[in-house]
Amino acid sequence: FVTRSGDFKLFYYTLATPIGIEDGGGGPTAHFRKFESYLVPPQYRSPERKETRWDVIQNAAVHAVDSYSLGILFEYLYSHTPTFGYGGQVPEKLKKAVIRLQTNNIKMRPRVHPLLKCPVFAENEYVQLNDSLSTMDLKGVEEKVIFLQKLPSLMAPGGTLSGRSMCVYKIVPILVSCLRQATMKGPDGSEGGSGGVLQDVDRRLIMAVTPAF
């Protein structure tokens, strides 16, 4: 599914199921068999899953079935999103990985995490910024100020963070968090941040949030 901020997630625990239960079929629960046809498009199901070879799935690595689905998703996204900048094609540096993800040999499908080292992701500004956003609360004041100073250009039309959903669901909460940190009172009633930092964060809040709308 896609989050409100535009992140893609492979997640659906409603369909999580044990394999090898004693229901007469040796496969997943009846609940799983009934509802996966409604919730999981056939093209995203791995061959052994569509062929109900549950014994193969049971003896395979836990990532194997989802890795196949991810390979299909990669191919779909790149072929249907020309704005990614790859001419509607899977990037050359990612093609081998996508082929391996979609292989019929369940034991040959790679784990997902190592793919993050692929230059398509590791050297991608959007990915790097999202990673930075996810850890912003843990950063020091100076790092936050540097990030805030870059926001206007990042959020300008055509910028890396120019999407409205990105602004509403990621940028705004970070700006609010920065303001709260800067104005937080200490145990003795003193202000938590210096006047300069508070003034800068407040100014960046106005400059960064307003253009997004």
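Me: Is Arg-53 buried, exposed or partly exposed in this predicted model?
Reply: The relative accessible area of Arg-53 is 31%. Buried means under 20%, and exposed means over 50%. The value for Arg-53 lies in between, so this residue is partly exposed.

Me: Which residue meets the side chain of Arg-53 in a salt bridge?
Reply: Side chains of opposite charge can pair when their charged atoms come close. A salt bridge needs a side-chain nitrogen within 4 Å of a carboxyl oxygen. For Arg-53, the N to O distance is 2.7 Å. The partner is partly exposed at 46% relative accessible area, and its name is Glu-51.

Me: How many salt bridges does a search of the whole structure find?
Reply: One joins Glu-51 and Arg-53. Another pairs Lys-95 with Glu-92, and Arg-109 has one with Glu-48. The search of the whole structure gives 3.

Me: How many residues apart in sequence are the parts that Arg-109 and Glu-48 tie together?
Reply: The closest N and O atoms of this pair are 2.8 Å apart. Arg-109 lies in the loop between helix H5 (92-101) and helix H6 (119-122), while Glu-48 is in helix H2 (residues 47-50).

Me: Are Arg-109 and Glu-48 buried or exposed?
Reply: A buried residue has under 20% relative accessible area. Arg-109 falls in that class, and so does Glu-48. Both are buried.

Me: What separates Lys-95 and Glu-92 along helix H5?
Reply: Lys-95 and Glu-92 form a salt bridge, with the closest N and O atoms 3.3 Å apart. Lys-95 is partly exposed at 34% relative accessibility, whereas Glu-92 is exposed at 61%. The two are 3 residues apart in helix H5, so the separation is about one helical turn.

Me: Which residues form a nonpolar patch on the surface?
Reply: One member, Phe-35, is found in helix H1 (residues 30-39). Phe-35 is partly exposed, at 31% relative accessibility. A patch residue needs over 30%. Together the members have about 320 Å² of accessible area, and they are Phe-35, Tyr-38 and Leu-39.

Me: How many helices and strands does the chain have?
Reply: From the N terminus on, the elements run α-α-α-α-α-α-α-α-α-α. The count is 10 helices and 0 strands.

Me: What share of the chain's accessible surface belongs to carbon and sulfur atoms?
Reply: Buried residues make up 35% of the 213 residues. The accessible surface of the chain comes to about 13,300 Å². The carbon and sulfur share of that surface is 57%.

How values were computed. Residues are numbered from 1 along each chain as its sequence is written. This is a predicted model: local features need pLDDT of at least 70, side-chain atom pairs count only at pLDDT 80 or more; totals for chains, interfaces and linings use all residues. Side-chain values use heavy atoms; hydrogens and water are left out. Patches are made of residues with over 30% relative accessible area and no salt bridge: like charges are joined within 9 Å, nonpolar side chains (Val, Leu, Ile, Met, Phe, Trp, Tyr) within 5 Å. Accessible areas come from the Shrake-Rupley method with a 1.4 Å probe; for residues, only the protein chains shown count as cover. Helices (H or I, at least four residues) and strands (E, at least two) are DSSP runs, numbered from the N terminus. Buried means under 20% relative accessible area, exposed over 50%, partly exposed in between (1.4 Å probe, protein chains only).
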